[in-house]
Amino acid sequence: MKNFKFIFVGLLLFICNSAYCSSNTERDIQYEHIVDSVIVAINANDVYSVSSLFTADGFKMISDLTETTKVNVVDSVRCHFIEFGEDVLCFFIPLQLSPDSLNSFSRRMTLVFNNKGKISRIQFAIDRESSKDIMTDMLIPKEHRLAIINFMEIYQTAYSLRQMQYIDDLFSTNAVMLIGSKAQVEDENNPDLNQIAINSFYYRKHSIDEYLEKLQNGFESKGWIDVTLHDISISITDDMYLYGINFVTDFKSANFSAKSNLFFCLDITEATAPKIIFRVWQPSDDNVKPFDMSDYTKFMESSENF
């Protein structure tokens, strides 16, 4: 799996007042010219003309995006640059994505330059309200707030662009995956179908390998995909490096759409490479309390026979 760097992308209002801000006029002018060239190429639907400005991974991301949806940069772009480690970030480039004549949506994109001046990644920002809520939560250490925001944006981008190699790296090797449903399935001859009931849902446990295989099959059956995360809330635990994260995800594609509630426990022992150790999916239901940190505790206490 790739041990890629997670980049800190939050609200400009907060980050520009932090130690991550930088000012390098000569470098910024050089990168502004590169960004201008990329914008022209995107609007001309000709990103291959600027492939030399990207790393192989970075170009795959931008080409995957432009091959599945029409992309336009809207409004004027004023570049803002932030240094993080050996990377330099240019944010936020306003995009209009139009996968077909019936669907169109706005996104904010960040370009990430590596230490050789190549664009190594693109990334979609989470919604401003969620970023603001996380960044202003004084109960969470500052470096953890940044790590969580960045992780959620990596998560959102990886799913939107169907980047299986990056999705794989989001999870610990022993991650527990629970899939919730209203219906109970019973089969005494198949222990894999054993379920645990929490609140009004029945949850089946899957291995990370099973989950990734099913996800890959699902991706192959769809054309364009748009994944957005919102209503993100953070739970603090007794372990200072473990956080419970609840959020709503809207998943749309050419032939499918769904609104779901998700929960996962995020281990940020390594702030630049957090890992999901426990993930729960359940269909959206306004009449049922979403799986949360208290349910995780119940599960851990009763999971010996599950």
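Here is a quick walk through a cavity, a helix and one histidine.

## A predicted model

Keep in mind that this is a predicted model.

## The cavity

A search of the whole structure turns up 1 cavity of 30 Å³ or more, and the volume of the largest cavity is about 40 Å³.

Who sits around it? The lining of the largest cavity is made up of D57, K60, M61, D64, R162, Q163, Q165 and Y166. Sorted by type, those lining residues are 4 charged, 2 polar and 2 nonpolar. Helix 3 (56–68) and helix 6 (164–169) each bring at least two residues to the lining, with helix 3 giving the largest share, 4 residues.

## Helix 5

Next up is helix 5, which runs over residues 142–160 and has 19 residues. From its first C-alpha to its last, helix 5 reaches 27 Å, close to the 27 Å expected at 1.5 Å a residue.

Is helix 5 mostly enclosed or out in the open? Of its 19 residues, 17 are buried, so helix 5 is largely enclosed by the rest of the structure. After helix 5 comes R162, which has a positive phi, near 55 degrees. R162 also belongs to the lining of the largest cavity.

## A closer look at H144

What does H144 touch, leaving aside its neighbours within four places in sequence? H144 is in contact with M240, Y241, Y243 and I268.

Definitions and conventions:
Residues numbered from 1 in each chain as written. Predicted model: local features only at pLDDT ≥ 70, side-chain atom pairs only at ≥ 80, totals over all residues. Heavy atoms only, no water. 1 Å grid on protein atoms, 1.4 Å probe; cavity = no way out; pocket = protein on both sides within 12 Å on 5 of 7 lines; lining within 4 Å. Points joined across faces, edges and corners; volume = space filled by probe spheres on them. Nonpolar A, V, L, I, M, F, W, Y, C, P; charged D, E, K, R; others polar. Expected span 1.5 Å × (residues − 1). Buried < 20%, exposed > 50% of the residue type's maximum accessible area, 1.4 Å probe, protein only. Contact = heavy atoms within 4.5 Å.
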